[in-house]
Amino acid sequence: MVDDTIAVDVTDQGAGPAAGTDVFRRRAHDSGDHGIGLALARRLAEAEGGRLRLMRTDPTRFTLVLPTR
């Protein structure tokens, strides 16, 4: 925890998206890509005054930062 925030890192073992890919862009239901999960997660974080960032792609690591107040 730093100041009035808390950070949570989420990782997995797989390789992440290709360079230049906007993983937070909501995709059409029939696009063949994955759906709305990351777009929704980012919007929820921002609605609470936080942020969600892709920090690394290999291995994939996201960081969620939320205010504690």
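## Exposure of a charged pair

A residue counts as buried when its relative accessible area is under 20%, as exposed when it is over 50%, and as partly exposed in between. In this predicted model, Asp4 has a relative accessibility of 34% and therefore counts as partly exposed, whereas Arg69, at 79% relative accessibility, counts as exposed.

Side chains of opposite charge can pair when their charged atoms come close. Here the side chains of Asp4 and Arg69 meet in a salt bridge, with a distance of 3.4 Å from N to O. Because Asp4 lies in the segment before strand β1 (5-11) and Arg69 in the segment after strand β3 (60-67), the pair ties together parts of the chain that are 65 residues apart in sequence. The count of salt bridges in the model comes to one.

## The aromatic pair

A search of the whole structure finds one aromatic pair. The ring centres of Phe24 and Phe62 are 6.0 Å apart and the ring planes stand at 85°, so the pair is edge-to-face. This pair also links distant parts of the chain, since Phe24 belongs to the loop between β1 and α1 (37-47) while Phe62 belongs to strand β3, 38 residues apart.

With a relative accessibility of 11%, Phe24 counts as buried, and Phe62 is buried with a relative accessible area of 14%.

## A charge over a ring

Phe24 has a further neighbour in Arg42, which lies over the face of the Phe24 ring at 3.7 Å from the ring centre. Phe24 is thus described by two contacts, the edge-to-face pair with Phe62 and the placement of Arg42 over its ring face.

Key:
Residues are numbered from 1 along each chain as its sequence is written. This is a predicted model: local features need pLDDT of at least 70, side-chain atom pairs count only at pLDDT 80 or more; totals for chains, interfaces and linings use all residues. Side-chain values use heavy atoms; hydrogens and water are left out. A salt bridge is a side-chain nitrogen of Lys or Arg within 4 Å of a carboxyl oxygen of Asp or Glu. Helices (H or I, at least four residues) and strands (E, at least two) are DSSP runs, numbered from the N terminus. Buried means under 20% relative accessible area, exposed over 50%, partly exposed in between (1.4 Å probe, protein chains only). Rings of Phe, Tyr and Trp (its six-membered ring) pair if their centres lie within 6.5 Å; planes under 30 degrees apart count as stacked, over 60 as edge-to-face and the rest as tilted. A charge sits over a ring if NZ of Lys or CZ of Arg is within 6 Å of the ring centre and within 35 degrees of the ring normal.
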